[in-house]
Amino acid sequence: MEGGRGVTRVLLVDDSPVDRRVVQLLLSSSACAGSFHVIAVDSAKKAMEFLGLKEEGKEQAIDMVLTDYCMPEMTGYELLKAIKALSPLKPIPVIVMSSENEPQRISRCMNAGAEDFIVKPLQSKDVQRLRNCSPANTQCCDAGSDGKPPLLLLPSDHVVVDATAASPPPPPSRRRAHFAGVLHSSSVELSHYFPFLFKFILLVYAILCLGELLHRWSNGCFLNLWCA
């Protein structure tokens, strides 16, 4: 289970074989250039069993959990809370996925400590969002013999900066702004489905009207034959 330098080890949790395969193919594609190593399980309980095998004093077996929201027995939201309670000192980043764009659901997960919320299916544009949540995205070099503080290496743009000159932590409003961006992008994606939904409703209505006409016509013919 050892991951290479700069490789993000992802625990994928989804009860849908199709959705699991989509994520695995996307994260193993040439576009990701070997940035991810995916371990897939089909339930939240199996994910908890996997995380429970981590021995004290050893490196975490994974860097990130990517979980579906709706699953039987134990939901992704319950898994999120359990993971955050499991490792409070070194929390594992958790990204929640869902095929339904519900603001209340998104807010619930973000308030519980989720690093991000992605509307399924996972797309290539979402890969960078996973990278941003990965602890492997930022690596620290060992301190030199001169006793100077370690340098911070950012693999994304290969820029080395002094850790003592790092910028201050982002304000609390950053999480709220990120949450608003998630809602906006999800709403734009959902708007593409409105024309198809409208056509589907019209088709169902036409079928119902046709069935009613056939029903009345058959009843009328039956009465005429009986009277004759």
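Serine 98 sits across from valine 119, a residue of strand S5. Strands here are DSSP runs of E with at least two residues, helices are runs of H or I with at least four, and both are numbered from the N terminus. Before going on, keep in mind that this is a predicted model, where local features need pLDDT of at least 70, side-chain atom pairs count only at pLDDT 80 or more, and totals for chains, interfaces and linings use all residues. Residues are numbered from 1 along each chain as its sequence is written, and side-chain values use heavy atoms, with hydrogens and water left out.

Let's stay with S4 for a moment. Strand S4 covers residues 94–98 and runs parallel to S5, with 4 bridges joining the two. Two strands count as paired if DSSP finds at least two bridges between them. Valine 96, for example, has phenylalanine 117 in S5 as its bridge partner. S3 also pairs with S4 in the parallel sense, again over 4 bridges, and here valine 65 has valine 94 in S4 as its partner. How many of the residues of S4 are buried? The count is 5 of 5, where buried means under 20% relative accessible area, exposed means over 50%, and partly exposed is in between (1.4 Å probe, protein chains only). Both faces of the strand are covered, with Val94, Val96 and Ser98 on one side and Ile95 and Met97 on the other.

Now step back to the whole sheet. It is an open sheet of 5 strands in the order S2-S1-S3-S4-S5, with parallel pairing. Strand S2 (36–41) and S5 stand at the edges with a single partner strand each, so one side of each has no neighbour in the sheet. From one strand to the next, the twist averages 20°. Helix H1 packs on this sheet and touches S1, S2, S3 and S4, its direction making about 170° with that of S2. A contact means heavy atoms within 4.5 Å. Axes are lines fitted to C-alpha atoms, for helices over the stretch in contact, and angles run from 0 to 180 degrees between N-to-C directions. Helix H4 (residues 103–111) lies across S4 and S5, at about 150° to S5.

What about the greasy parts? In soluble globular proteins, nonpolar side chains tend to be buried together. A nonpolar core here is a set of buried Ala, Val, Leu, Ile, Met, Phe, Trp, Tyr and Cys residues joined through side-chain atoms within 4.5 Å. The largest one has 25 residues, and those touching the most other members are Leu11, Val13, Ile62, Val65, Leu79, Val96 and Cys109. S1, S2, helix H2 (44–52), helix H3 (76–86), S4 and H4 each give two or more residues to this core. Leucine 11 has contacts that include Ile39, Val41, Phe50, Ile62 and Val65, leaving aside neighbours within four places in sequence. Apart from this core lies another, of 15 residues, among them Val10, Val23, Leu26 and Phe36.

Next come the charged residues. Side chains of opposite charge can pair when their charged atoms come close. The model has 12 salt bridges, each being a side-chain nitrogen of Lys or Arg within 4 Å of a carboxyl oxygen of Asp or Glu. In one of them, lysine 120 pairs with aspartate 14, with the closest N and O atoms 3.1 Å apart. This pair links distant parts of the chain, 106 residues apart: lysine 120 is in the loop between strand S5 (116–119) and helix H5 (127–133), and aspartate 14 is in the loop between strand S1 (8–13) and helix H1 (17–27). Both residues are buried. Asp14 and Lys120 also belong to a network of salt bridges with Asp19 and Asp68.

That brings us to aspartate 68, which lies in strand S3 (residues 64–68). Aspartate 68 counts as buried because its relative accessible area is 6%. Leaving out residues up to four places away in sequence, aspartate 68 touches Val13, Asp14, Asp15, Gly76, Met97, Ser98 and Lys120. An unreviewed UniProt entry places the feature "modified residue: 4-aspartylphosphate" at Asp68; UniProt positions follow the numbering used here, feature names are shortened, and annotations may be inferred rather than shown by experiment.

Finally, look at helix H7 (residues 194–227), where glutamate 212 and arginine 216 are separated by about one helical turn because they are 4 residues apart. They form a salt bridge, with the closest N and O atoms 3.1 Å apart. Glutamate 212 is partly exposed at 38% relative accessibility, while arginine 216 is exposed at 58%.
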